[in-house]
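This report describes a protein model with its ligand. The sequence and structure come first, and the text follows.

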Amino acid sequence: MTITQKTEANAIVLECEGRLDTTTAPELEAVLLPVFDTNPTVILDFKYLEYVSSAGLRVLLKGQKKAVAVGGSMTVRNVMDEIIEVFEMTGFIDVLTVERI
Amino acid sequence: MSIIKVENLEKRFGDNIILHDVSCEIERGDIVSIIGPSGSGKSTFLRAINFLSPPTAGEVYFDGERVDKKNVNEVRRKMSMVFQNFGLFSHLTALQNLCAGPMKLLGKTKEQAEEKAYELLKTVGLTERANHYPHELSGGQKQRVAIARCLAMEPEVILFDEPTSALDPTMVGEVMAVIRNLSKTGLTLLIVTHEMSFAREVSSRVFYMDEGGIYESGAPEEIFSAPQKPKTQEFIYRIRSFNYDVASVDFDSFELLSGIDAFCFSHAVDGALAKKLRLIAEELVINIVVPKFKKCSLTVSFSDKIGRYEVTVAYPGSIENALDTAEDDLAAMMIRGTATQVEHKYEDEINTLKLSL
Ligand SMILES: Nc1ncnc2c1ncn2[C@@H]1O[C@H](COP(=O)(O)OP(=O)(O)OP(=O)(O)O)[C@@H](O)[C@H]1O
Ligand SMILES: [Mg+2]
């Protein structure tokens with residue numbers, strides 16, 4: 001997985017490309033959680049993300065909790081249909097702030 | 001008019017009939033992939049078409065003209081062949097390899113030949129290697145030079161006999177990329193290959209060879225997704241199985257997942273389906289079965305009876321459906337959301353979970 005960090009208006013954008021799975025979830029966790037200490041408004045751009053497994057969902061959940069704890073927000077945007085399906089089957093669609101493609 | 005027409009072609013070596021009564025027509029611009037078991041006569045067929053090893057009976061027509069011993073050289077210039085082992089002149093540089101034929105056979109001057117050669121080396125990404133000798137090139141580079149040399153003769157048809165099978169896996173992609181580009185130029189290509197994903201992606205038609213001929217032919221979707229005849233089905237489905245044994249909790253999960261990716265790629269499994277197979281394997285093996293049972297054996301296979309993919313995970317222990325007792329409810333939820341059917345069996349102290357997609 002490749003993670004690219006950008007700044008957009010008042011938010012920090014993390015563009016994720018590839019797969020968010022058992023082998024790569026720790027990479028996202030290491031980048032995502034500290035970001036909230038710099039700027040509490042975080043956007044995850046999943047335009048080029050193809051795959052999410054439960055290990056990835058757990059990291060998203062940690063991010064969401066951290067966002068709430070610091071009084072910020074975490075938006076997941078440009079999510080492709082197959083990943084939306086995963087969010088739906090696990091109820092994550094209601095937990096996360098998701099914007100589709 | 002078809003660019004190649006084969007009528008009742010027979011090829012025998014002594015009493016051994018390899019090809020029997022083969023007929024087909026290939027249209028200009030067709031990209032034909034030729035697949036089939038080893039020994040089914042794929043190479044023999046290509047070599048018979050261009051008279052490298054002439055048919056023992058039957059006719060081949062090129063652009064309406066019957067091919068025979070007299071016009072075979074002229075025909076071969078328009079229908080050149082790329083071999084598994086490159087066949088470059090080892091004492092000539094890449095550039096010289098590309099110029100030799102056009103100067104000798106097409107009557108080009110050195111300047112004309114070189115100008116064209118540079119242009120072709122550029123299209124295969126090898127401008128920088130123009131003055132290198134074959135032994136100074138990687139396998140993938142050699143094969144790209146061989147393709148460029150073929151193009152230098154300005155052919156109308158190119159025959160490829162397993163152009164990537166002598167290459168390191170890391171170099172297969174660069175050669176396939178070159179062929180993929182060629183497939184968009186209007187040239188007619190016949191490609192013998194074992195790379196099923198590639199065949200499915202680039203070809204307009206697929207010939208499955210078996211039983212001494214073209215046993216079944218059709219569009220790539222027809223042959224790969226819905227083959228009609230028994231031997232084709234057996235060939236397409238038999239190869240669709242992947243096995244991985246996990247011996248301890250410290251197993252290499254990266255190897256498991258990339259193994260599934262490679263399996264899906266080489267068997268042309270549709271992208272969305274490939275992700276589902278991977279997801280089930282990842283959640284079930286890595287997150288549910290191995291943490292609790294330490295060992296398991298995973299099989300991903302295609303069942304032609306039900307026409308669906310199945311993921312089977314077998315693990316030792318007392319009777320227990322790991323999916324029902326999973327502590328990782330998120331993983332279990334994802335599996336249930338993805339599989340269309342889940343079956344648990346217990347036999348000889350082995351639990352087996354079979355999930356269909
Ligand atoms: N020169 C020859 N003399 C005798 N038999 C031959 C000759 N060339 C090929 N054969 C036989 O013809 C049959 C078909 O061989 P061919 O090389 O065409 O198969 P293939 O489909 O290309 O196989 P592979 O996938 O292994 O390349 C084989 O049984 C082979 O032994
Ligand atoms: Mg062969």
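## Model and conventions

This is a predicted model, in which local features need pLDDT of at least 70 and side-chain atom pairs count only at pLDDT 80 or more, while totals for chains, interfaces and linings use all residues. Residues are numbered from 1 along each chain as its sequence is written, chains are lettered from A and ligands numbered from 1 in the order in which they are written, and side-chain values use heavy atoms, with hydrogens and water left out.

## Interface between chain B and chain A

Chain B places 20 residues in contact with 18 residues of chain A, contact being heavy atoms within 4.5 Å. The area buried between the two chains is about 1500 Å²; buried area is the accessible area (1.4 Å probe) that two parts lose on being put together, summed over both. Carbon and sulfur atoms give 56% of this area. On the chain B side, K275(B), L330(B) and M334(B) lose the most area to chain A, and together they make up 36% of what that side buries.

Between the chains there are 4 salt bridges, each defined as a side-chain nitrogen of Lys or Arg within 4 Å of a carboxyl oxygen of Asp or Glu. E82(A) and K275(B) form a salt bridge through their side chains, at 2.6 Å from N to O. In chain B, α10 (253-266), α11 (271-293) and α12 (329-338) each supply at least two residues of the side that touches chain A. Helices here are DSSP runs (H or I, at least four residues), numbered from the N terminus. The most comes from α11(B), with 9 residues.

## Shell around ligand 1

Residues around ligand 1, with a heavy atom within 4 Å of it, include F13(B), I18(B), K42(B), E162(B) and H194(B). Helix α1 (residues 42-49) of chain B gives the most to this shell, with 3 residues.

Oxygen atoms of ligand 1 lie 2.5 Å from an N or O atom in the side chain of T44(B), 2.8 Å from one in the side chain of S43(B), and 3.2 Å from a polar backbone atom of S40(B).

## L33(A)

L33(A) is found in helix α1 (residues 25-38) of chain A. Leaving aside neighbours within four places in sequence, L33(A) is in contact with K62(A), G63(A) and K66(A). L33(A) and G63(A) are 30 residues apart in sequence, and their C-alpha atoms are 6.1 Å apart in space.

Definitions and conventions. Polar contact = N/O pair within 3.5 Å; in protein donor to acceptor, adjacent residues only side chain to side chain.
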